[in-house]
Amino acid sequence: MAAENTSSVAEFILVGLTDQPELQIPFFIIFLIFYVATAVGNLGLVTLIGLNSHLHIPMYFFLLNLSFIDLSYSTTLTPKMLVGFILRKNIISYEGCMTQFFFFCFFVFSESYILSAMAYDRYVAICKPLLYRVTMSPQVCSYLLSGVYGMGVFGAVAHMGNLQFITFCADNIINHYMCDIIPLLELSCNSSFINLLVVFIVVTIGIGVPIVTIFISYGFILSSILHISTKEGRSKAFSTCTSHIIVVSLFFGSGAFMYLKPPSSLPLDQGKVSSVFYTAVVPMFNPLIYSLRNKDVKIALKKTLSRKIFS
């Protein structure tokens, strides 16, 4: 009965980021620039890693997938948000809303676990350098990547399963610029503490487990760096981790602020600001952080541009 009632909702209306008319066009321009920069930056990084054989190592294998994930979940959300800045009423069908939510969950969970896989890669590179090629073999990297996308499927299916037990019998106006679990539960007339508990558990698995993995990895990394005798050696070892640390802090900081708090303690308007940060801003900054702070990427970019100019 719940599934039948839920499917009877034909469409939702997305309120958007703001209801102030004078801000619609400026926001449209800003987020269009963000999206173009995200697409160019991440596609450029994928292309750069693919074209340069000296970047075909585990660290850049995971970075390539991070760029793919960033571009994918930004594409899942941003175009519909841009439409909302132009149209007076931003309507999304029930099927479209569920599809957007499914892929949003899939890519966000995948990003969480690709960042933890990258932390493990840095742990092996710094703490067990002599065993790096064996420990991070192509087969092991493939297994890790399968786990990353497997957890993406788990997160999406778990959240979608949770939605199947609620009934939308109130209005169909979603106080957000995208279909997300908390705003959808706000529209339900039969959501309960159990539904919120499931959200908290699933999000804890999606955010908490990777955070713990990353903290443990960097605990061992910090211990190894402190045992390096030379200042140059410590600086070199730490420099290989700084880009990843910045990306992890931006992504998990904004995600935890949105989801790992009781919904009543975080108004949805503030939640939208936090969501914008990790759905639009972080995917744009990731390729910049890795390209500007990474010597190998800058060298590869110069070589690629030189080949294009001479050709």
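**Contacts, core and surface of a predicted helical chain**

Apart from its neighbours within four places in sequence, Phe277 is in contact with Leu250, Ser254 and Val282, a contact being defined by heavy atoms within 4.5 Å. The structure is a predicted model, in which local features need pLDDT of at least 70 and side-chain atom pairs count only at pLDDT 80 or more, whereas totals for chains, interfaces and linings use all residues. Residues are numbered from 1 along each chain as its sequence is written, and side-chain values use heavy atoms, with hydrogens and water left out. Phe277 belongs to helix 10 (residues 268-292), helices (H or I, at least four residues) and strands (E, at least two) being DSSP runs numbered from the N terminus. With a relative accessible area of 33%, Phe277 is partly exposed, a class that lies between buried (under 20% relative accessible area) and exposed (over 50%), as computed with a 1.4 Å probe and protein chains only. The C-alpha atoms of Phe277 and Ser254 are 6.7 Å apart in space, although 23 residues separate the two in sequence.

The chain contains 11 helices and 3 strands, and its elements follow the order α-β-α-α-β-α-α-α-β-α-α-α-α-α from the N terminus on. Of its 311 residues, 47% count as buried, and among contacts with a separation of 6 or more, 79% are accounted for by residues 24 or more positions apart. The chain exposes about 15200 Å², of which carbon and sulfur atoms supply 70%; accessible areas come from the Shrake-Rupley method with a 1.4 Å probe, and for residues only the protein chains shown count as cover.

The largest nonpolar core has 80 residues, and within it Phe12 and Leu115 touch the most other members; such a core is a set of buried Ala, Val, Leu, Ile, Met, Phe, Trp, Tyr and Cys residues joined through side-chain atoms within 4.5 Å. Helix 4 (residues 94-127) gives the most to this core, contributing 18 residues. When neighbours within four places in sequence are left aside, the contacts of Phe12 include Asn90, Ile91, Ile92, Tyr94 and Cys97, as well as Phe168, Asn172, Ile174, Leu184 and Leu187.

Ser67, in helix 3 (residues 58-86), is buried, with a relative accessible area of 2%, and touches Asn42, Leu45 and Val46 when residues up to four places away in sequence are not counted. The structure holds 1 salt bridge, the term denoting a side-chain nitrogen of Lys or Arg within 4 Å of a carboxyl oxygen of Asp or Glu. This salt bridge joins Asp121 to Arg122, with the closest N and O atoms 2.9 Å apart, and both Asp121 and Arg122 are buried.

An unreviewed UniProt entry carries the annotation "transmembrane region" for several spans, among them residues 25-48 and 193-226; annotations of this kind may be inferred rather than shown by experiment, and their positions are given in the numbering used here, with feature names shortened. Residues 25-48 are 100% helix and 0% strand, with end C-alpha atoms 34 Å apart, while residues 193-226, likewise 100% helix and 0% strand, have end C-alpha atoms 46 Å apart. Helix 8 (residues 193-226) includes Ile201, which counts as partly exposed at 43% relative accessibility. Together with Phe193, Ile194, Leu197 and Phe200, Ile201 forms a nonpolar surface patch with about 500 Å² of accessible area. Patches are made of residues with over 30% relative accessible area and no salt bridge, like charges being joined within 9 Å and nonpolar side chains (Val, Leu, Ile, Met, Phe, Trp, Tyr) within 5 Å.
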